[in-house]
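Good morning, and thank you for coming. Please have the sequence and the structure open before you while I speak.

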Amino acid sequence: MGDNGISSASDDLLVNRNVKDSVFRNLFSDKKYLFQLYQALHPEDKDTTIDDLEYVTLENVLVRDIYNDLGVRVGDKLLLLIEAQSTWTENIIIRCLMYMARTLQDYFKQTSQSLFSEKLVHMPEPELYVIYTGDSVIDKEYISLSETFFGGKQTALDVRVKVVLDGKEGDIINQYVVFTKVINDQVKRYGRTREAITEAIRICKNRNILKDYLTSREKEVVDIMITLFDQQEVLEDYIASDRREQAEKNAKETAKTLYDNGVAVDIIAKSVKRSVRTIENWLGLVPQV
């Protein structure tokens with residue numbers, strides 16, 4: 001890989017650009033770790049075994065490219081989890097609602113249950129979780145549709161989502177959150193590079209953080225993280241471009257308003273930090289040849 005980026009054509013390790021899973025989903029695609037996740041969320045349940053867990057994760061429902069959602073049915077419980085990374089927004093409640101609706105639709109279809117039957121359908125009890133791994137301070141254990149969007153008013157629909165921030169020391173949730181923080185620390189040090197990823201993996205192995213997983217799937221983790229880095233750069237470039245376009249639009253509107261109010265062109269140029277020639281072009285003051 002070249003020194004100036006992670007996507008150099010001279011990179012000797014070809015990255016799988018079809019990688020779609022986040023590390024979150026890749027980790028819990030292994031039932032061993034999924035069972036540890038369930039135990040972390042339900043430590044009181046001593047009867048459920050690893051064989052009782054059934055994946056119900058959907059494809060292409062909630063996220064843009066990288067899948068960071070997880071669904072699992074355990075007996076009469078339906079657990080739906082979404083990882084929220086750097087940006088915190090309570091709009092995630094809506095994502096959970098959409099996920100739950102789609103998952104239940106698939107469940108009724110798979111179990112051949114008709115919603116038009118006189119008999120009540122069997123419906124698993126839903127549990128909604130957000131695993132937050134970002135830096136914002138979240139002081140809520142639960143977020144709900146009614147409180148967030150309707151000021152607590154009872155409406156025809158409500159959704160309640162548990163916010164999981166850290167887990168308990170050493171459990172699988174805690175290890176995953178620590179892993180994401182180590183990744184972030186190394187990115188601050190090395191940028192979005194392969195070096196940041198491999199160094200984070202080395203640190204986590206030494207600290208016994210997801211050690212078995214990172215040892216057995218290191219290449220997959222590197223591929224996933226590089227793909228994620230690439231997508232973040234594209235998104236940031238898009239946002240920066242959008243902001244530049246909006247700033248240009250605002251400057252043009254300001255220039256026109258000032259000109260309409262009798263302000264001289266040279267003063268306008270100084271006000272919006274553009275050249276006089278640019279202002280004249282915007283205002284149509286340059287004679288057409």
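Predicted model: local features only at pLDDT ≥ 70, side-chain atom pairs only at ≥ 80, totals over all residues.

Let us begin with the helix pair. Helix H5 covers residues 172-190 and helix H6 covers residues 194-206; their axes lie 8 Å apart, and the two pack at an angle of about 140 degrees. That angle makes H5 oblique to H6, since the term roughly antiparallel is kept for angles over 145 degrees. The crossing in which H5 passes H6 is right-handed.

Which residues of H5 and H6 make the contact? On the H5 side they are Phe-179, Val-182, Ile-183, Gln-186, Val-187 and Tyr-190. H6 contributes Glu-195, Ala-196, Ile-197, Glu-199, Ala-200, Ile-203 and Cys-204.

I turn now to the salt bridges. How many does a search of the whole structure find? The search finds ten, and I shall present three of them.

In one, the side chains of Asp-69 and Arg-25 meet, with a distance of 3.1 Å from N to O. Asp-69 belongs to strand E2, residues 69-74, while Arg-25 belongs to helix H1, residues 23-28; the pair thus links distant parts of the chain, 44 residues apart. Are these two residues buried or exposed? Both Asp-69 and Arg-25 are buried.

Another salt bridge joins the side chains of Glu-90 and Lys-140, at 3.0 Å from N to O. Glu-90 lies in the loop between strand E3 and helix H3, and Lys-140 in the loop between strand E4 and strand E5, so this pair ties together parts that are 50 residues apart in sequence. Lys-140 counts as partly exposed, because its relative accessibility is 37%.

The remaining example is found within helix H8, residues 218-260. Here Lys-256 forms a salt bridge with Asp-260, and the closest N and O atoms are 2.9 Å apart. Because Lys-256 and Asp-260 are four residues apart in the helix, about one helical turn separates them. Lys-256 is partly exposed, with a relative accessible area of 48%.

Finally, I ask you to look at backbone angles in two loops. Ser-112, in the loop between H3 and E4, has a phi near 55 degrees, a positive value in a residue other than glycine. Ser-112 is exposed, with a relative accessible area of 68%. Lys-273, which is not a glycine either, has a positive phi of about 60 degrees. Lys-273 sits in the loop between helix H9 and helix H10, and counts as exposed at 73% relative accessibility.

Key: Residues numbered from 1 in each chain as written. Heavy atoms only, no water. Axes fitted to C-alpha atoms, helices over the stretch in contact; angles between N-to-C directions. Parallel < 35°, antiparallel > 145°, perpendicular 65-115°, else oblique. Left-handed = near helix turned anticlockwise from the far one by under 90°. Contact = heavy atoms within 4.5 Å. Salt bridge = Lys/Arg side-chain N within 4 Å of Asp/Glu carboxyl O. Buried < 20%, exposed > 50% of the residue type's maximum accessible area, 1.4 Å probe, protein only.
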